[in-house]
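Here is a quick tour of the model on screen. Keep the viewer open while you read, and follow along residue by residue.

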Amino acid sequence: ELDDYVNNVSEAFDGTTVATFQYTEVEGTPFLFDNFVKGVLISGKSQTVPVNLNFDLANNQIIVSQDRKLIGIDHAAVTSIKIESPNVTFKNRFNTNGKDDLNKNSLFEVVFEGDSFSLLKYTGVTLQKDVSSYGTAVQTDVYIKYTSYYVIKNGEFDRLKMNKRNILRAFGDKRKAVDSFAKENRTDFKNDADLAKLFNYANSL
């Protein structure tokens, strides 16, 4: 159980005040959410009171808006983050074995977490330079988000190509039973909520 509720985020998580973001000459945004969302930061048995936060994907920081300041917090300072709406949880400390340049501090959205199988979602951003605007000669830099999914199977961390065939293959000898479940429940293999139910079923076998 959490035994410590933190009010001062900057002190508790060694945060630093960051300047107002200057992205006016760049199209797109490096933030995960379009607007700041309400959530709590958790580290060990300590958690913050609900705060307004977002994720700066370009700089791998959690940005907290508090006391009219923007506070940047490194991923290493937290163990999980719970967002109120949308109702999602982000965690790190996974043994990624360096796959796709991910490490123990990389934050993943937890689609499902179980003893035998877990499904994680990673969102990153790339900055494309000198992209031509349609119909003009103007070139600008553009932030482009990308999403990757990873499966943890019996402790092994691996990237998962998101199509029905590869997802079912990840379940090994449980594949036929999981496939039957998917057909009976009309599982949408591109829907995170449906995939969570599918992984939950696989863990029950």
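## The chain as a whole

Among contacts in the protein chain (contact means heavy atoms within 4.5 Å) between residues at least 6 apart in sequence, 51% join residues at least 24 apart. Before going further, a word on where this comes from: this is a predicted model, with local features needing pLDDT of at least 70 and side-chain atom pairs counting only at pLDDT 80 or more, while totals for chains, interfaces and linings use all residues. Residues are numbered from 1 along each chain as its sequence is written, and side-chain values use heavy atoms, with hydrogens and water left out.

The protein chain has four helices and 14 strands; these are DSSP runs numbered from the N terminus, with helices being H or I of at least four residues and strands E of at least two. Its 205 residues include 43% that count as buried. For the burial classes, buried means under 20% relative accessible area, exposed means over 50%, and partly exposed is in between (1.4 Å probe, protein chains only). The accessible surface of the protein chain comes to about 12,000 Å², and 43% of that belongs to carbon and sulfur atoms. Those areas are from the Shrake-Rupley method with a 1.4 Å probe, and for residues, only the protein chains shown count as cover.

## Where α3 meets α4

Now for a helix pair. The axes of α3 (residues 175-184) and α4 (residues 192-204) come within 10 Å and cross at roughly 140°. Axes here are lines fitted to C-alpha atoms, for helices over the stretch in contact, and angles run from 0 to 180 degrees between N-to-C directions. The two helices are therefore oblique to each other: angles under 35 degrees count as roughly parallel, over 145 as roughly antiparallel, 65 to 115 as roughly perpendicular, and the rest as oblique.

The crossing of α3 and α4 is right-handed, a label used if the near helix is turned clockwise from the far one by less than a right angle, with anticlockwise giving left-handed. On the α3 side, A177, V178, F181 and A182 make the contact, and α4 brings K197, L198, Y201 and A202. Sorted by class, the contact has seven nonpolar, no polar and one charged residues. In that scheme Ala, Val, Leu, Ile, Met, Phe, Trp, Tyr, Cys and Pro are nonpolar, Asp, Glu, Lys and Arg are charged, and the others, Gly among them, are polar.

Which two residues does a cis peptide bond join? They are S85 and P86, with omega at about 5°. Look for P86 in the loop between β9 (80-83) and β10 (88-91).

There are positive phi values to check, too. N60 has phi near 50°, a positive value in a residue other than glycine, and sits in the loop between β6 (51-56) and β7 (61-66). N60 counts as partly exposed, because its relative accessibility is 41%. N154 is not a glycine either, yet its phi is positive at about 50°. The loop holding N154 runs between β13 (139-153) and β14 (156-160), and N154 is exposed, with a relative accessible area of 59%.

E109 belongs to strand β11 (residues 108-113). Is E109 buried or exposed? At 16% relative accessibility, E109 counts as buried. Leaving aside neighbours within four places in sequence, E109 contacts V88, T89, F90, L119, L120, K121 and D192. With K121, twelve residues along the chain, the C-alpha separation is 5.0 Å.

T96 is in the loop between β10 and β11. T96 is buried as well, at 3% relative accessibility, and touches L102, N103, F108 and F157, not counting residues up to four places away in sequence.

Y143 lies in strand β13 and is buried, with a relative accessible area of 14%. From Y143 to Q128 is 15 residues in sequence but 6.3 Å in space, C-alpha to C-alpha. T147 lies in β13 and is partly exposed at 41%. Not counting residues up to four places away in sequence, T147 touches K121, Y122 and T123; its C-alpha is 6.9 Å from that of K121, 26 residues away in sequence.

Finally, N35 is in the loop between β3 (26-27) and β4 (37-43). N35 is exposed, with a relative accessible area of 57%, and its C-alpha is 7.5 Å from that of N54, 19 residues apart along the chain.
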